[in-house]
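Biologist: Hello! Could we go through this one together, term by term?

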Amino acid sequence: MLRLAVATLALFTASLALAAPAPAKSPQQPRSTSIKTRINYLSFLPKSYSAKGDKVPLIVFLHGSGERGTDLNKIKAWGPPAIVEKDPDFPFMVVSPQIPDGQWWDAYLLKSMLDDVLKRYNVDPKRVYLTGISMGGYGAWDLASRYPDYFAAVAPICGGGIPRLASRLKDIPVWAFHGLKDDAVPEQESARMVEALKAQGGNVKYTVLPEAGHVEAWVHAYGEAGLFEWFAQQRRQ
């Protein structure tokens, strides 16, 4: 009787399986893709550079929205790329990436570029500095807050960021600049990042220029402010 009951149950279960409707075909299909990108940048090597000699310090410079495109010469308008065109004795290596028209700085892609630069050149990984202007100021805040272990110091100029990420920067020296009369990026954009960083006990300096507009802030930062001398004093532990 037991064997008959088991056989009957098996037949009943099989009949249910045969009677059950087939599952509907999903409209979604699994696929995969490989995405590669190309980042163009200007590089400047100091006179002291040697592939097998002492490692050199590196400045990564992020341009503003007006320098986007495919012509790398546009980046030479401001900041370190403009300075090294006239000063062959500049003591830092400088890497200045460019993004195409209509795009925004992407921290992950910049990190990938930096990884490649650190592999390719004889750079001191404990002396890597980051700075940017306007849109590049936003990019500098973002890149540093997402990958803080890469940088010995950061100088965002006329930018802004995400205050809740400021805690990630509390161990990195930061010197921010902004013009109080900036009519392109409100000074409050830098101020709220500085205040958030101060609240986390961060090592931050903030230079507000009362009579300066947008451009004047980075002219001051890369000129009389002594930013590069300050960079040279910072070293990641």
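Biologist: Which residue of strand 5 stands opposite Thr131?

Modeller: Ala155 in strand 5 stands opposite Thr131. Strands (E, at least two residues) and helices (H or I, at least four) are DSSP runs, numbered from the N terminus. This is a predicted model, with pLDDT of at least 70 needed for local features and 80 or more for side-chain atom pairs, while totals for chains, interfaces and linings use all residues. Residues are numbered from 1 along each chain as its sequence is written, and side-chain values use heavy atoms, leaving out hydrogens and water.

Biologist: What makes strand 4 and strand 5 a pair?

Modeller: Two strands pair if DSSP finds at least two bridges between them. Strand 4 and strand 5 have five bridges, in the parallel sense, so they pair by that definition.

Biologist: Why are strand 1 and strand 7 called edges?

Modeller: The open sheet has seven strands in the order 1-3-2-4-5-6-7, with mixed pairing. Strand 1 (40–44) and strand 7 each have a single partner strand, so one side of each lacks a neighbour in the sheet.

Biologist: Why is helix 4 called largely enclosed?

Modeller: Buried means under 20% relative accessible area, exposed over 50%, partly exposed in between (1.4 Å probe, protein chains only). Nine of the twelve residues of helix 4 are buried, so the rest of the structure largely encloses it. Trp141 and Leu143 are among them.
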